[in-house]
Amino acid sequence: MRAVIDTSYLVEFLIKPFNEGFRWVFDADLIAPDLLVYELHNVLLKALKIGQDDLNKFQKILINLNLKYINIAGDEEKIYRLAFKHSLSFYNASYLWLAVKNNLPLATIDRQILKIAECKFISTGTV
């Protein structure tokens, strides 16, 4: 399976990597905007306040994933329009944009994005 993964999903996965619902992540071809690295580490540092030992554990899990970071430079205007249209953060719109642009499912647990997805936004590919 190929999918875009966002920070919200990745954090949940890192906390529960061997939970049955997350097993697919180990076998998937994942892509994410390159900003995921910064957003993920900010969440780990500020929101979860994890220490160096937990960070090392999470890094080992991340290394075992087939995760490719995509440079989204040049798509800022389209991402901004998407963010504005749906009242999303630029970060969240970046994940959504990457999914739509590549016609891929988006792995997220973000309620705001899921609400948009319920409106068939992702499946239509319309921005």
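User: What makes the count of charged side chains in the chain, and how far apart do the centres of the two sets lie?

Analyst: In this predicted model, the chain carries 15 positive and 14 negative side chains. Lys and Arg count as positive and Asp and Glu as negative. The centres of the two sets lie 3 Å apart.

User: Which class does Phe90 fall into, and why?

Analyst: A residue is buried under 20%, exposed over 50%, and partly exposed in between. Phe90 has a relative accessible area of 34%, and therefore it is partly exposed. Phe90 lies in helix H6, residues 90–101. Leaving aside neighbours within four places in sequence, the contacts of Phe90 are Glu76, Ile79, Tyr80 and Ala83. Ile63 stands 27 residues from Phe90 in sequence, and their C-alpha atoms are 26 Å apart in space.

User: How do you know that strand S1 pairs with strand S2, and in which sense?

Analyst: Two strands pair if at least two bridges are found between them. S1 (residues 2–5) and S2 (residues 29–33) share 3 bridges, in the parallel sense. Within this pairing, Val4 has Ile31 of S2 as its bridge partner.

User: What makes S1 and S4 a pair?

Analyst: The requirement is at least two bridges, and S1 and S4 (residues 106–107) have 2, again in the parallel sense. Ile5 stands opposite Ala107 in S4.

User: In what order do the elements of the chain run, and how many helices and strands are there?

Analyst: The chain has 8 helices and 4 strands. From the N terminus, the order is β-α-α-β-α-α-β-α-α-β-α-α.

User: Why is the chain called as compact as a globular protein of its length?

Analyst: The radius of gyration of the chain is 14 Å, and the globule rule gives 14 Å for 127 residues; the two values are close, so the chain is as compact as a globular protein of that length. Its C-alpha atoms fill a box of roughly 40 × 30 × 25 Å along the principal axes.

User: What share of the residues is buried, and what share of the accessible surface belongs to carbon and sulfur atoms?

Analyst: Buried residues make up 43% of the 127 residues. The accessible surface comes to about 7500 Å², and 53% of this surface belongs to carbon and sulfur atoms.

Technical notes: Residues numbered from 1 in each chain as written. Predicted model: local features only at pLDDT ≥ 70, side-chain atom pairs only at ≥ 80, totals over all residues. Heavy atoms only, no water. Rg over C-alpha atoms; globule rule 2.2 N^0.38 Å. Buried < 20%, exposed > 50% of the residue type's maximum accessible area, 1.4 Å probe, protein only. Areas by Shrake-Rupley, 256 points an atom, 1.4 Å probe, with all protein chains shown as cover. Charge placed at Lys NZ, Arg CZ, Asp CG, Glu CD. Contact = heavy atoms within 4.5 Å.
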